[in-house]
Amino acid sequence: MVSKACYVAAYRRKLECLAAIRGVDLTLVTPPYWDHGTHRAPFEPGNDRGYRVVLENPALNGNFHLHFYRGLPKLVREVRPDILHVDEEPYDFVTFHALRAARGVVPRVLFFTWQNIDRQFQPPFNWFESRTLRSAHGAISGNQEGAQILRRKGYARPLYVIPQFGVDQERFQPGEGSVHSFSEERPFRIGFSGRLVEGKGLLVLLRALHQLQGPWELRLLGSGPLEPRLKQEAEELGIGSRLSFRGAVGSEAVPGELRQFDILVNPSLTWQRGRTQWKEQFGRSFVEAMACGIPVVGSDSGEIPNVIGDAGLVAPEGNVDELHHALRRLMGDSDLRRHLAKAGRERVLQHYTQERIAHQTYQCYQQLLDDVTPAERP
C-alpha cells in the first residue's frame, strides 16, 4: 500500500486489522513526515504489528498532487505484490507513477478517491487521471458521488464505496454517566468539531442558534480563518457570551471533548469561491461523535446524509429555519436524544470501525484477484 496519510498512527490501525487477516502479507510505503509548509508533521509511532513499514521521503514532499516515491519501482520488484493499493487520487502523479512501476510486475492495481465534485482538470493532471482510469484494475471511492463521477468519466472496472479510514470504537465510546440531560445550572451543550471555515456552514449555525430559546451554549472544537468573523457575528446577534472557542486539540483529546457535548452539529455547505469548490466528502466528526453516543445534526451536503443514515437529523443545507427546528427538537426531547445516541453507536459498529473497513477492503482484494488469469501473473 502506498499512502501519505498513513504517517498518522490512528489511520494505520486499519492496516493492522488488514494484516491480521489470514493470508495477508502487507507492506506500507509512507513518508517519514509530511510538509505542511508552516510545519512538518512527523511519522507518528504506533503498534504497526504484523506488517512492514517502509519510510521513504517522497520527492516534492508536501505537494499533494505532484509528490512521488523514487524508490517505489525497486520496492515493487523486490516485494512483487499481488495487489498494489495506491491510496491516492487518480489525478495525482504518485498514482500515475505507481501504475508505471507496477507494469509487468503486479497483477492488480487499485486506487482511492474522495473527489465528489465533477472537475475537469488541466494538464498534466487530466493526463494522469485518464491514464489511471484506463489502466487501474479497481477503485475505491470514499463516497457515493465520487463513485458516480468515476462512472461518468468512463471508468468501467470494479468500483467499491468504502471510507478511507474508520474509527477506533475503544477510544471513541460513550463515557460513564449521561450527558443527555441538562438544566438551568448546566446549559445544553451544542458542539462542533472541525475547521473553522465558511464551507462548514457555521454562519448559518449562528443564525439558527440566535432563534433558539432556553439555556444553551456552543462549543467550537477546532481552529481556522473564520474565527474572527464568527466572534463578530455572534456579538452582533447578541449570543457572543454563549460561544466557547476550544481551539484545535490533539487527536488523543478528541474523544473526551466530544463526550462533553449533548449534540454535535455540522451544517456544511456546498461552497464555491472563485475557482475553488468544496463539498463534504465524508464528515468524520459525525462518525466520531456517533461512536461516543452523541446525537448528531447535519446538512444534506455531499456524503453527510449517507453517513448519518437514520441515526441523526438532517436539514437542507443553508436553511436557517430547518436547522433551527432540528436543534429545537433535539434540545426539547430527551427520549429522541437517547434513541439517536444508541442508533448512532450501533451504526458506527456496523459500518465505520477500522475492523469493518479493513474487512471490506480485503473483500475488494479478493474479488480483484479472483479475476487474475494465469497469463497475467508475473
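Q: Two strands pair if DSSP finds at least two bridges between them. How many bridges join strand β10 to strand β11?
A: This is a predicted model: local features need pLDDT of at least 70, side-chain atom pairs count only at pLDDT 80 or more, and totals for chains, interfaces and linings use all residues. Residues are numbered from 1 along each chain as its sequence is written, and side-chain values use heavy atoms, with hydrogens and water left out. Strands (E, at least two residues) and helices (H or I, at least four) are DSSP runs, numbered from the N terminus. β10 (residues 216-221) and β11 (residues 243-247) run parallel, and the bridges that join them number four.

Q: Which residue in β11 is the bridge partner of Leu 218?
A: β10 and β11 are parallel strands. The bridge partner of Leu 218 in β11 is Leu 243.

Q: Which helix makes a β-α-β unit with β10 and β11?
A: The unit is right-handed (clockwise from the first strand over the helix to the second, with the strands pointing away from the viewer). Its helix, residues 227-237, is α7.

Q: Which strands stand at the edges of the open sheet of four strands?
A: The order is β5-β6-β7-β8, with parallel pairing. Each edge strand has a single partner, so one side is left without a neighbour in the sheet. Neighbouring strands are turned by 20° on average, direction ignored. The edges are β5 (83-86) and β8 (159-161).

Q: Which residue in β8 is the bridge partner of Ser 141?
A: β7 (residues 138-141) and β8 pair in the parallel sense over three bridges. Ser 141 has as its partner Val 161.

Q: What angle does the direction of helix α13 make with that of β5?
A: α13 (residues 354-370) packs on the sheet and touches β5, β6, β7 and β8; contact means heavy atoms within 4.5 Å. Axes are lines fitted to C-alpha atoms, for helices over the stretch in contact, with angles from 0 to 180 degrees between N-to-C directions. For α13 and β5 the angle is about 135°.

Q: At what angle do the axes of α2 and α3 cross?
A: Helix α2 (residues 72-79) and helix α3 (residues 93-102) have axes that come within 9 Å. From α2, Leu 72, Pro 73 and Val 76 make the contact; from α3, His 97, Ala 98, Ala 101 and Ala 102 do. The axes cross at roughly 40°.

Q: How far apart are the axes of α6 and α11?
A: Helix α6 (residues 202-210) packs against helix α11 (residues 320-332) at an angle of about 60°. In α6, Val 204, Leu 205, Arg 207, Ala 208 and Leu 209 meet Val 320, Leu 323, His 324 and Leu 327 of α11. The distance between the axes is 8 Å.
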